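I opened the model to look up a few local features and some helix packing. My entries follow in the order in which I checked things.

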Amino acid sequence: MLLIRNGYMIDPKSGLEGKYDLLIEADKIKKIGKQLATPGDSCRVIDAEGLLIAPGLVDVHVHFRDPGFPDKEDILTGAKAAAKGGFTSVIMMGNTNPPIDNNHTLQYVLDKGKNTGIHVLTCANVTLGMQGKELTPMEELAMHGAVGFTDDGVPLMDKALVRSAMEHTARLDMPISFHEENPELIAENGINRGKASAYFGISGSPREAEICLVERDLQLALETGAHINIQHISARESVELVRQARKRGANIHAEATPHHFTLTEDAVIKYGSFAKMNPPLREEADRLAIIQGLVDGTIDIIATDHAPHTEEEKARTLTKAPSGITGLETALPLAITYLVQTGYLTMRQLLRLMSANPAALYHLDAGYLAEGGPADLILIDTAAEVIPGNYASKASNTPFTGWTLNGKVIYTISSGKIVYSDSE
């Protein structure tokens with residue numbers, strides 16, 4: 001048993017907030033109350049005075065590169081990075097090698113995830129081989145444990161196929177997530193067409209590449225009733241399209257990454273390939289529009305798009321280096337520093353975006369604190385200084401190394417067990 005005393009608890013799902021003790025038995029929260037008695041000598045007690053008790057974070061967008069690219073990351077190291085960052089549940093994307101378009105690869109991922117200490121779940125692919133031509137056996141993959149569907153990393157260009165995929169997922173009552181970048185409009189990916197592309201003397205990636213596919217898929221969602229997730233939104237026009245579609249009653253969800261609400265295309269000029277990602281960092285007006293979308297509920301999920309790469313890959317010239325940055329170990333301090341401490345969000349609102357909302361989209365028993373609920377929680381020192389570095393991930397491809405942030409995870413507890421401790 002584990003007793004957490006004297007912490008300030010926030011449950012974003014119920015709204016319960018205040019100073020509480022939590023008693024954990026096995027993998028459940030047995031009791032939440034004031035000044036709980038220690039049940040016995042065998043019970044471990046953690047004094048959480050000055051700490052925030054929050055649900056374990058839920059990330060619906062991670063790349064663990066396993067199977068296929070173990071030099072970048074694997075499921076074990078990805079899970080360690082997640083635990084250090086305060087995430088107790090993560091959902092992998094299917095762009096592995098082989099891709100997660102079949103039961104064999106699906107079971108490999110799920111079985112390996114069971115040995116990590118946290119909850120590693122996965123989406124399956126929308127199309128076979130991520131080729132955008134033929135749908136995967138969605139019903140079968142759902143039956144064997146996939147929690148959603150996406151070809152993230154490869155935009156789906158066939159409108160009729162996208163409609164069919166939405167119809168399938170609507171019948172299954174499962175989410176389908178979309179990487180919205182029209183490759184026909186992009187000369188060089190990962191760099192915004194504007195100040196950044198002009199600086200490097202290239203054409204880059206225009207905002208229209210995202211906008212046109214977002215507009216298409218929002219309309220299809222309205223027509224099919226599918227639960228869709230617009231992944232890593234980057235353009236202010238896309239935010240407004242989502243806002244208007246949600247008003248029309250569609251089952252629309254959208255996610256923002258920490259890098260898109262903290263950085264602009266200026267970061268690519270400063271950090272080079274470490275700030276190259278798809279979709280690219282755009283203008284200050286886009287960054288502010290994303291924050292406003294988080295504030296008013298248009299964007300209802302914060303996801304990391306954790307995308308590890310090797311040092312050798314990121315050392316290539318800018319146009320040849322792969323896109324993507326790591327994010328699991330920096331997401332929470334970036335969000336606390338740039339959203340909460342700046343006054344845009346309360347801590348409860350932030351936790352909803354990083355736990356309750358993503359859990360709800362994927363029908364997970366996660367993202368909340370309640371008696372009888374899962375003992376997945378984190379203890380945070382929201383004022384403590386964090387300087388990213390010394391990563392648990394295999395990769396360190398991020399521009400945030402060395403930044404001074406606030407919000408340190410002190411303990412991560414998953415299924416009632418301490419899977420990360422800042423002091424151990």
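I started with P279, which sits in the loop between helix 9 (266-271) and helix 10. The peptide bond joining N278 and P279 is cis, with omega about -10°. For the element names I used DSSP runs numbered from the N terminus: helices are H or I of at least four residues, strands are E of at least two.

Before going on I noted the provenance: this is a predicted model, in which local features need pLDDT of at least 70 and side-chain atom pairs count only at pLDDT 80 or more, while totals for chains, interfaces and linings use all residues. Residues are numbered from 1 along each chain as its sequence is written, and side-chain values use heavy atoms, with hydrogens and water left out.

I then looked up P98, in the loop between strand 7 and helix 2. The bond from N97 to P98 is cis, with omega near 5°.

H232 has a phi of about 30° and is placed in the loop between strand 11 (228-230) and helix 7. Is H232 buried or exposed? I found H232 buried, at a relative accessible area of 1%; buried means under 20%, exposed over 50%, and partly exposed in between, with a 1.4 Å probe and protein chains only. H363 also has a positive phi, of about 55°, and is not a glycine. I located H363 in the loop between helix 13 (347-361) and strand 14 (377-386).

In helix 13 I picked A360. A360 counts as exposed, at 53% relative accessibility. From A360 to G204 I noted 156 residues in sequence and 36 Å in space, C-alpha to C-alpha.

I turned to helix 2 (residues 103-113), where N103, T105, L106, V109, L110 and G113 are buried. These residues cover an arc of only 165° around the axis, so they lie on the same side of helix 2; the arc is that of the directions from the helix axis to the C-beta atoms. What do the buried residues of helix 2 pack against? They pack against helix 1 (75-85), strand 7 (87-92), strand 8 (119-122) and helix 3 (138-143), contact meaning heavy atoms within 4.5 Å. At the start of helix 2, I found a side-chain oxygen of N102 within 3.1 Å of the backbone nitrogen of H104.

Last, I checked helix pairs. Two packed helices are described by the angle between their axes and the distance between the axes. I took axes as lines fitted to C-alpha atoms over the stretch in contact, with angles from 0 to 180 degrees between N-to-C directions.

The axes of helix 7 (residues 236-247) and helix 10 (residues 284-296) come within 8 Å and cross at roughly 25°. That makes helix 7 roughly parallel to helix 10; angles under 35 degrees count as roughly parallel, over 145 as roughly antiparallel, 65 to 115 as roughly perpendicular and the rest as oblique. Helix 7 contributes R236, E237, V239 and R243 to the contact, and helix 10 contributes A285, D286, A289, I290, Q292, G293 and D296.

For helix 6 (residues 208-224) and helix 7, I noted axes within 9 Å and a crossing of roughly 10°. Helix 6 and helix 7 are therefore roughly parallel to each other. On helix 6, E210, I211, V214, E215, L218 and L222 meet E237, S238, L241, V242 and A245 of helix 7.

How values were computed:
A polar contact is a pair of N or O atoms within 3.5 Å; within protein, one must be able to donate a hydrogen and the other to accept it, and residues adjacent in sequence count only if both atoms are side-chain atoms.
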